[in-house]
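My notebook on a structure I had not looked at before. I went through it helix by helix and jotted down what I looked up.

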Amino acid sequence: MTMLEEADKAIELLRNTSDFFARIDDIEKMLSTQLANKEAERDDLLHEIEISGLNAIEIMRVYKRLEKVLHERREIKDRMLLINTLKGYSNKYITKGILGDTKQAIHNIETLKKNIRTRKYTPRILKDLKCAGVQSEEEKQ
């Protein structure tokens with residue numbers, strides 16, 4: 001793997017890291033909203049059972065819907081547990097400015113790659129070398 005390929009991989013890792021830190025609060029809010037919606041669906045179904053005087057077939061349909069809602073709610077809560085675990089980690093680094101530092105690191109690597117691609121050398125003594133490139137008229141005289 002060349003140094004430029006390694007630099008590209010480092011940039012990708014840094015962008016993913018930055019994305020993680022930038023999005024974790026949004027993901028937490030989204031999951032909270034989803035959980036609230038599932039809990040409202042659950043409450044609707046429980047009220048349907050309580051108030052509607054359903055027959056056996058209707059009860060079974062409501063039960064199946066309730067079971068599905070409860071499974072979906074559990075999945076959301078499990079995802080929230082993961083996010084809350086990661087929040088403790090991420091909050092420490094966000095406070096220390098990791099997003100700005102990561103952006104700066106990406107910029108520095110991009111600059112390094114550009115400098116490597118445009119690297120030139122001016123020979124000190126042997127002016128006829130190919131690496132000398134195109135010389136100005138002054139240097140030729």
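This is a predicted model: local features need pLDDT of at least 70, side-chain atom pairs count only at pLDDT 80 or more; totals for chains, interfaces and linings use all residues.

**Helix α1**

I began with a bend: α1 has a kink of about 45°, centred on R23. The bend at a residue is the angle between axes fitted to the seven residues ending there and the seven starting there. Residues are numbered from 1 along each chain as its sequence is written, and side-chain values use heavy atoms, with hydrogens and water left out.

For the element names, I took helices (H or I, at least four residues) and strands (E, at least two) as DSSP runs, numbered from the N terminus.

Next I looked up the length of α1. It has 49 residues and spans 69 Å from first C-alpha to last, close to the 72 Å expected at 1.5 Å a residue. That expected span is 1.5 Å times one less than the number of residues.

Which residues of α1 are buried? I found A7, I11, L14, S18, F21, I24, L31, L35, K38 and L45. Buried means under 20% relative accessible area, exposed over 50%, and partly exposed in between (1.4 Å probe, protein chains only). The buried residues of α1 pack against α2 and α3. After α1 comes G53, with a positive phi near 60°.

**Helix α2**

I moved on to α2, which has 40 residues and reaches 56 Å from its first C-alpha to its last, close to the 58 Å expected at 1.5 Å a residue. I found a kink here too, of about 30°, centred on G88. At the start of α2, a side-chain oxygen of N55 comes to within 3.1 Å of the backbone nitrogen of I57. Just after α2, G97 has a positive phi of about 85°.

The buried residues of α2 are V62, L66, V69, R73, I76, M80, I83, K87 and S90. An α-helix has 3.6 residues a turn, so residues three or four places apart point the same way. What covers the buried residues of α2 includes α1.

Leaving aside neighbours within four places in sequence, S90 is in contact (heavy atoms within 4.5 Å) with F20, F21 and I24. The side chain of S90 also reaches the backbone oxygen of K87 at 3.2 Å.

I59 and F20 are 39 residues apart in sequence and 44 Å apart in space, C-alpha to C-alpha.

**The nonpolar core**

Which residues make up the largest nonpolar core? It has six: I24, L31, L35, I76, M80 and I83. The elements that give two or more residues to this core are α1 and α2. Such a core is a set of buried Ala, Val, Leu, Ile, Met, Phe, Trp, Tyr and Cys residues joined through side-chain atoms within 4.5 Å. I checked I76 and, leaving aside neighbours within four places in sequence, found it in contact with L31, Q34, L35 and K38.

**Aromatic rings**

How many aromatic pairs does a search of the whole structure find? It finds three. The ring centres of F20 and Y89 are 6.4 Å apart and the planes are at 45°, so this pair is tilted. F20 lies in α1 (residues 3-51) and Y89 in α2 (residues 56-95), so the pair ties together parts that are 69 residues apart in sequence. My rule for rings of Phe, Tyr and Trp (its six-membered ring): they pair if their centres lie within 6.5 Å, and planes under 30 degrees apart count as stacked, over 60 as edge-to-face and the rest as tilted.

F20, F21 and Y89 form one aromatic cluster. F20 counts as partly exposed at 28% relative accessibility, and so does Y89 at 44%.

**A buried lysine**

Is K113 buried or exposed? K113 sits in helix α3 (residues 98-117) and counts as buried, at 6% relative accessibility. Its side chain makes a polar contact with the side chain of D8 (2.3 Å). A polar contact is a pair of N or O atoms within 3.5 Å; within protein, one must be able to donate a hydrogen and the other to accept it, and residues adjacent in sequence count only if both atoms are side-chain atoms. Leaving aside neighbours within four places in sequence, K113 is in contact with L4, A7, D8 and I11.
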